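Hi,

Here is the structure I promised to pass on.

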Amino acid sequence: MSDIAIEVKDLTRKFGNFTAVDHVTFQVKAGEVFGFLGANGAGKTTAFRMLIGLLQPTGGSARVAGFDVAKQAEEVKRRIGYMSQRFSLYEDLTPRENIRLYGGIYGLTLAQIRERADAMLQRLGASQIADTAVRSLPLGWRQKLAFSVALVHQPHIVFLDEPTSGVDPITRRQFWELIYDAASRGTTVLVTTHYMDEAEYCDRISIMVAGRIAAMGPPADLKREHNVESIDELFVQLARPAA
Amino acid sequence: MSALRGLLRKEWFHIKRDRRTATVLVMLPVVQVLLFGYAIRTDVDNVRLAVVDPAPSNTTLALRNRFAAAGVFRIVASVPRTEDLEPLFQNGTAQQAIVFDHDFTEDLGRGTPAQLLIITDATEPNTGALLQAYAQAVIQQYQLALPASPARPASIIVPVTRIRFNPTRESKNLFVPGLMAFVLTIISALMTAISLTREKETGTMEALLVSPLRPWEIIVGKVTPYLAIGFASVLLVLVEARLVFNVPVRGSIPLLLFEGLLYVLVSLAFGMLISSRTSSQRIAMMGVFLTTLLPNILLSGFIFPLESMPAILRWISYVIPGRWFVAIARGIMLKGIGLEYLWRETLYIAGLATVLLAASIRSFHERLE
């Protein structure tokens, strides 16, 4: 695979007369942690959904893991992981059962699943809760497990849609350690968030305003260019005219 | 006071803005009252009567006209021999038959007792009993209207009655096929709709949609367990009916199971269609109750005889799969008939299953747009 994980060009999505995503263009390098920021309704969820094959683009193109999302959705889906802001593990199953289910969906063999499940549970320090129904686990655990399950098939790219909403600061830190860990092993991470401190953790961020990318680059560069103290300040500055 | 007013106002907005729930809330009682009010009528109307008249004469014709003029009966066939009745009863063309004795006219003229046989389909026991009473009343009236003659006793026509299909007129025989439809509808339609919307609510459906699973795989994976449960419950109901209630299965059991499976497919497809229109378990449940369970119970002839319903409800009942499945199940279990009589009902259910499954798979695809 080339070192470009995601290549988006003039990506557009209209709903009737409303243009939710308006000629968006960006690239994400392999192994990069790319933050996708924007106010509610700015179009980031729509763009996100197009990249993971849940929504057809109206115009432009997007290649994810080397495949066109519009024409080769199946190939794309095989190579990506996804974790939604709504929690995506089955609550009445145990972590181990969830791993087995998703492993099976992504075509892993039973031996592979067992091996990866053990390694994953050990890395998370979750061996004791491996056979407890997910429902009775604290939210922090569930989020970490959901993230790990999204990585069970070792995808090239993992898409995280507000993965830390509603999670306490300590768990959020732990969660970001998991993200860095995945990135260090070559997984590209695309993450949306409303927490501006998390934006600072990203290698690069883009801020969407009214369907367009208003700013894009490493957080430090953006702050310098726009002469602001924090991403939070930058975000408010960019988003305000549209609000 | 103003706090309360604010609360009331807010609640009103909830109701007003959730159009679907509002519609259900308003329509549910309206529809129910209509259905119960009309359907619960047990008097009988439009009875399909067959006549066996081996030696037609003015006398037999006069009695036949009496039946035709009674307002309740509709003569659907007139055949020369009793054997010809069999297929008419089997395929439901006739519900009741009057069979004139070959010597009916002569006997009546001579003043000797004239024989008349009334055969009634009592698959539905209440209806059967009513039909019998009606027919006897018509004959009684005819007799009274005969010109008085000293040579003739007052009661000269001897109606003999016979009950078909459900000779002991036991309603449990009737109930079990209907109950089968009911159980299958609940399990297939309701469980499918609820389990699909639950996945939407918890966000797991999204995880499945993002995975390389194809839509049909997701559907099959969701639906097969309920198909299996539905099938098992058919077996269970059959065994229970046999052991506990001693309800007969006179026809082919494999055929019955096959028809059950078709009906389960229809119900599953209903459940899927409903769940594709909503992402809330509660709305899905209401939707299933309103569009699937209620019509299938009220308009299938399961509890209320279709014959006594107003024409409009009878017309609606034609599109309801439960009606056809109940007819099929009763036919196989009580009448012992096979596909040669039930192919139309079967074809309808199979056709409906195909259309609905296609529609639900399509609406599943559309969600990705």
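Below is what turned up, taken chain by chain.

Some ground rules: this is a predicted model, so treat everything here as computed; local features need pLDDT of at least 70, side-chain atom pairs count only at pLDDT 80 or more, and totals for chains, interfaces and linings use all residues. Residues are numbered from 1 along each chain as its sequence is written, while chains are lettered from A and ligands numbered from 1 in the order in which they are written.

Chain A

There is an open four-stranded sheet in chain A, ordered β2-β1-β4-β5 with antiparallel pairing (helices, H or I, of at least four residues and strands, E, of at least two are DSSP runs numbered from the N terminus; two strands pair if DSSP finds at least two bridges between them). Its edges are β2 (18–29) and β5 (67–68) of chain A, each with a single partner strand, so one side of each has no neighbour in the sheet. β1(A) and β2(A) pair antiparallel over eight bridges, and K29(A) in β2(A) is the bridge partner of I4(A). Two residues sit between the strands of that hairpin, where G16(A) takes a positive phi near 65 degrees. Strand β1 (residues 4–15) of chain A also pairs antiparallel with strand β4 (residues 59–64) of chain A, over five bridges; here E7(A) has R63(A) as its bridge partner in β4(A).

Helix α1 (residues 44–51) of chain A lies across β1, β2 and β4 of chain A, at about 120 degrees to β1(A) (axes are lines fitted to C-alpha atoms, for helices over the stretch in contact, and angles run from 0 to 180 degrees between N-to-C directions).

Chain B

Chain B has an open five-stranded sheet too, in the order β2-β1-β3-β4-β5 with mixed pairing. Its edge strands, β2 (73–79) and β5 (157–164) of chain B, each pair on one side only. On average, neighbouring strands of this sheet are turned by 25 degrees against each other, direction ignored. Strands β3 (residues 96–100) and β4 (residues 114–121) of chain B run antiparallel and are joined by five bridges, with T120(B) in β4(B) the bridge partner of Q96(B). Helix α3 (residues 58–69) of chain B lies across β1 (47–52), β2 and β3 of chain B, running at about 145 degrees to β2(B).

Further along, the axes of α10 (residues 253–276) and α11 (residues 281–298) of chain B come within 9 Å and cross at roughly 135 degrees. The contact is made by S267(B), F270(B), G271(B), I274(B) and S275(B) of α10(B) and A284(B), G287(B), V288(B), T291(B) and T292(B) of α11(B) (residues are in contact if their C-beta atoms, placed from the backbone, lie within 7 Å).

The domain assignment of chain B, which is automatic or from a database, gives domain 1 (47–164) and domain 2 (170–366). The C-alpha centres of these two domains of chain B lie 40 Å apart.

Between the chains

Twelve residues of chain B are in contact with 16 residues of chain A. On the chain B side, helix α8 (residues 204–210) of chain B gives the largest share, five residues.

Cheers

Methods. Contact = placed C-beta atoms within 7 Å.
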